[in-house]
Amino acid sequence: MRFALLALLCAASASAQTLLPLDSRPATRVLPALIAGLRGGTALVPPAALLGTATIGANPAALTAWLAAQPTTGPLVVSLDALAYGGLVQSRTSPLSAPDALTRLDPLRTWTERTGQPVYAFVTLPREPDATNRARNLEVVRAVMDWAREGRFKELHVTWDDALPGSPAPKEGAALAAQAPANVRVYPGADEVLSMLTAYALAPESATVRLEYSDPKAAEAVMKYEGIPLTQSALNHAQGSGFAVVPGAADLTLYVYNGGDSRRATLRVSALLRAGPVAVADVAQVNLGNTRFWSDLRTLRQHANLRALAAWGTPGNNLGTALAHAKLSLRGADPLRQDALLAREFANDVIYSAQVRARLRQLVPEAELSTPRGQAALQEAAQGFFPLRIGNTYTLSDAELPWGRSFEWDFTLDEKR
């Protein structure tokens, strides 16, 4: 069975959930849609050409027109930065005034009133030193927090992006959190938030999670990209995905691999799987899965038994996407879609991030990745890692570098018959 990605992203259904992503990257556009489709049906997502890239922002008028053309039979999960500024990158540097940004967002202010459907929205505090108009961004954030207070958003997440030491975002976030109503959450994050809100919207029923770390002491340290300890970030992402965190027996154990003895961590995951559902977030390194840890899990065939796995980005990226996937997988996921999504996560987060990307950079300079030579090198670097067996076996039939850089790839897996 072909892993029918285009059909999953674009086909409509009677009770479809509509997703408006941060930009066109696979992590922000493709992954949330696949998570949304785990239990059947499809998510309505704009084509990549309508969304922003690193250099060209989305056309807000085109996105507004796309939204207006979608059926309003399910919840809307939306990036406010995409609609106001054209995307995450553009939210940092756009010269747009706060009133003009809010005018672009106005259709969302009245969305629930007009359609009867809830809106789950998120907006970011931009990273330093890229941000050129923090005051404008903060003014917009405060205004949409008022909309949430009025009940115009079911849930609003205000997140900060890549907070390196000295960033003002953690202090800004703390000040906003002190004023926030109950339906507004404030925490570090960005690329993972659409997936989290998707899980929150589609699986609103309560679920519990227990958090376990491979190195509990290290988990108390403040993380480079978030400005808070790993333990607090895990709590934020669990609650933001609709989980209640408990110390004992739970619907799910999230095992956070944050360093230490990888063989011991593998054996611990195996033991946890014998007791109940487990998801794994590998946060030991940024944007890079731990090859020893995942190789050992693969040898034991335990990677196929996970509810979710994530190792592709920052700690927050990985925590959020693993929890979002797991939340929906606990609630009756289609077995074929679940297996295919695990395969995609393993291919992206472990095979590409930890092995293919390095080979690709050896074969072709970064500046030439958008050329035919770069495309051929990607195929050469990746094919040796397939077929990939999870529960089913998958071959790699297509691969590309959608932003013309080595950080992320997009690809198609076919189930091998």
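This is a predicted model: local features need pLDDT of at least 70, side-chain atom pairs count only at pLDDT 80 or more; totals for chains, interfaces and linings use all residues.
**Helix H16**

I started with H16, which covers residues 372-383. I counted twelve residues in this helix. From first C-alpha to last, H16 reaches 17 Å, close to the 16 Å expected at 1.5 Å a residue.

Next I asked which residues of H16 are buried. I found Gly374, Ala377, Leu378, Ala381 and Ala382. I then looked down the axis of H16: the buried residues fall within an arc of 120 degrees, so they line one face of the helix. An α-helix has 3.6 residues a turn, so residues three or four places apart point the same way.

What do the buried residues of H16 pack against? I noted helix H15 (335-363) and strand E13 (393-400). On the face turned away from the buried side, I found the exposed residues Pro372 and Glu380.

**Aromatic pairs**

I counted seven aromatic pairs. One of them joins Phe293 and Trp294 edge-to-face. Their centres are 5.1 Å apart, with 65 degrees between the planes. I looked up burial too: Phe293 is buried at 0% relative accessible area, and Trp294 is buried at 0%.

Trp409 and Phe411 form a stacked pair, 4.4 Å centre to centre, with 25 degrees between the planes. Trp409 is buried at 1%. Phe411 is buried at 3%.

I also traced a cluster: ring pairs link Tyr257, Phe293, Trp294 and Phe346.

**Charges over rings**

Which residue lies over the face of Phe411? I found Arg344 there, at 4.2 Å from the ring centre. The charged end of Lys327 sits over the ring of Phe243, 5.7 Å from its centre.

Methods: Residues are numbered from 1 along each chain as its sequence is written. Side-chain values use heavy atoms; hydrogens and water are left out. Helices (H or I, at least four residues) and strands (E, at least two) are DSSP runs, numbered from the N terminus. The expected span of a helix is 1.5 Å times one less than its number of residues. Buried means under 20% relative accessible area, exposed over 50%, partly exposed in between (1.4 Å probe, protein chains only). The arc is that of the directions from the helix axis to the C-beta atoms. Contact means heavy atoms within 4.5 Å. Rings of Phe, Tyr and Trp (its six-membered ring) pair if their centres lie within 6.5 Å; planes under 30 degrees apart count as stacked, over 60 as edge-to-face and the rest as tilted. A charge sits over a ring if NZ of Lys or CZ of Arg is within 6 Å of the ring centre and within 35 degrees of the ring normal.
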